[in-house]
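Please walk me through this structure, one element at a time.

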Amino acid sequence: MSSRAVLVVGVGAARGVTAEEVVGTVRAVLAGAGLAGSPVVALATVRPRADEAGLVAAAKAMGLPLYAHDARDLAGVSVPNPSERTRAAVGTPGVAEAAARVGTAVGGPLGVLVVAKTRGVGARARCTVAVARHVAPAEAAASAVEFGVICDEVGVLSAGSTPVCPVENGAAGQ
């Protein structure tokens, strides 16, 4: 079985972040890194932000699942830009970078960070984004979304991770 590199975008978000800010930041970060046409398989964040309306709406608008990880799982991941403010707010020193590296499977191989934590677009930036490259089996990579294309793919539930978007019934965390 062959494999292919895919991307996971980690998102740290403050309460009240808008879908437009998240989508705009993801687009800007991918374009700025020369990754605009690369296969993106998911957005990932910390569980306390999984119900943030703007984040859920952004994932749905991009046609990507949103994976929510426990803060304790993210806290165990080495990140280049830890933040004590983030640790105090959600229990881990890094959300965007750690979530991108964990990807869709807690306990699986960590992805390689290819874009460090980048502050959101807009005057009152309420999100950060980081990107990690993961090696995925060819069949999983084939279902990846080329960023900007809307699709109906939903991620596969992995142990310790919960895909919460797209949310068909409006309830996060299903």
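A residue is called buried when its relative accessible area is under 20%. The model here is predicted.

S3 has a partner. Strands S2 and S3 run parallel and pair over four bridges. Within this pairing, Leu43 stands opposite Leu66 of S3. Together, S2, H2 and S3 form a β-α-β unit of the right-handed kind.

Now look at the charged side chains. Side chains of opposite charge can pair when their charged atoms come close. How many salt bridges does the model hold? The count is six.

One of them joins Glu52 and Arg15, with N to O at 2.8 Å. Glu52 sits in the loop between strand S2 (39-46) and helix H2 (53-62), while Arg15 sits in the loop between strand S1 (3-13) and helix H1 (19-32), so this pair ties together parts 37 residues apart in sequence. Glu52 is buried, at 8% relative accessibility. Arg15 is partly exposed, with a relative accessible area of 45%.

A second bridge links the side chains of Asp70 and Arg47, at 2.6 Å from N to O. Asp70 lies in the loop between S3 (66-69) and helix H3 (71-75), and Arg47 lies in the loop between S2 and H2, so the pair ties together parts 23 residues apart in sequence. Asp70 is buried because its relative accessibility, 19%, is under the 20% cut-off. Arg47 is partly exposed, at 31%. Asp70 also forms a salt bridge with Arg72, where the closest N and O atoms are 3.3 Å apart. Is Arg72 buried or exposed? Arg72 counts as exposed, because its relative accessibility is 64% and the cut-off for exposed is over 50%. Elsewhere, salt bridges with shared partners join Arg15, Asp51 and Glu52 into one network.

Next comes helix H1. Its 14 residues should span 20 Å at 1.5 Å a residue. Which residues of H1 are buried? They are Ala19, Glu21, Val22, Val23, Thr25, Val26, Val29 and Leu30. Just after H1, Gly34 takes a positive phi of about 75°.

Finish at Leu113. This residue lies in strand S4, which covers residues 112-119. Leu113 is partly exposed, because its relative accessible area of 24% falls between the 20% and 50% cut-offs. What does Leu113 touch beyond its sequence neighbours up to four places away? The contacts are Pro80, Glu97, Ala100, Arg101, Ala130, Val131 and Ala132. Take Val131 from that list. Val131 is 18 residues from Leu113 along the chain, yet their C-alpha atoms are separated by 5.9 Å.

Conventions: Residues numbered from 1 in each chain as written. Predicted model: local features only at pLDDT ≥ 70, side-chain atom pairs only at ≥ 80, totals over all residues. Heavy atoms only, no water. Helix = DSSP H or I, 4+ residues; strand = E, 2+ residues; numbered from the N terminus. Buried < 20%, exposed > 50% of the residue type's maximum accessible area, 1.4 Å probe, protein only. Contact = heavy atoms within 4.5 Å. Salt bridge = Lys/Arg side-chain N within 4 Å of Asp/Glu carboxyl O. Pairing = 2+ DSSP bridges. Right-handed = clockwise from strand over helix to strand, strands pointing away. Expected span 1.5 Å × (residues − 1).
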